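Work through each task before reading its solution.

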Amino acid sequence: MSKKRRRHSAEQIIKKLRNADAMLAAGKSVGEVLQSLEVSEATLSRWRTQYGGMKSKEAKRLKSLEEENNRLKRIIADQALDISMLKEIAKGN
């Protein structure tokens, strides 16, 4: 039985982390919390390290900065490729 993989937005992750903390404080077991959130223990742990203590606005900003960083890395890679091709062409002359 394989479940369909879901992607959660940063806001959804933060909301689920808050719910998890509230349920744990209310005395629920970790297994019950994981089952109600429909995530694995590894996922919850990863979310806590990445988003723990953040607010929704901070998470949105983090996501936009990561996207911008990836875009800039692609531009740099394209420029490096162009430079490499120009050097190869210049060698032939």
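**Exercise 1.** How are helix 1 and helix 2 oriented to each other, roughly parallel or roughly antiparallel?

Solution. The model is predicted, and the steps below rest on its coordinates.

- Step 1. Between the axes of helix 1 and helix 2 (residues 30-37), the crossing angle is roughly 150°, and the axes come within 10 Å.
- Step 2. Angles over 145 degrees count as roughly antiparallel.
- Step 3. Helix 1 and helix 2 are therefore roughly antiparallel.
- Step 4. The crossing of helix 1 past helix 2 is right-handed.
- Step 5. Helix 1 contributes Lys16, Asn19, Ala20, Met23 and Leu24 to the contact, and helix 2 contributes Val30, Val33, Ser36 and Leu37.
- Step 6. By residue class, this contact of helix 1 with helix 2 holds 6 nonpolar, 2 polar and 1 charged.

**Exercise 2.** Determine the orientation of helix 1 to helix 3, then describe the residues in their contact.

Solution. 

- Step 1. Helix 1 (residues 10-25) packs with helix 3 (residues 41-51) at an angle of about 110°, and their axes are 10 Å apart.
- Step 2. The range for roughly perpendicular is 65 to 115 degrees, so helix 1 is roughly perpendicular to helix 3.
- Step 3. Helix 1 and helix 3 cross in a left-handed sense.
- Step 4. On helix 1 the contact is made by Ala10, Ile13, Ile14, Lys16, Leu17, Ala20, Asp21 and Leu24, and on helix 3 by Leu44, Trp47, Arg48 and Tyr51.
- Step 5. The contact of helix 1 with helix 3 comprises 9 nonpolar and 3 charged residues, with no polar ones.

Notes:
Residues numbered from 1 in each chain as written. Predicted model: local features only at pLDDT ≥ 70, side-chain atom pairs only at ≥ 80, totals over all residues. Heavy atoms only, no water. Axes fitted to C-alpha atoms, helices over the stretch in contact; angles between N-to-C directions. Helix = DSSP H or I, 4+ residues; strand = E, 2+ residues; numbered from the N terminus. Parallel < 35°, antiparallel > 145°, perpendicular 65-115°, else oblique. Left-handed = near helix turned anticlockwise from the far one by under 90°. Contact = heavy atoms within 4.5 Å. Nonpolar A, V, L, I, M, F, W, Y, C, P; charged D, E, K, R; others polar.
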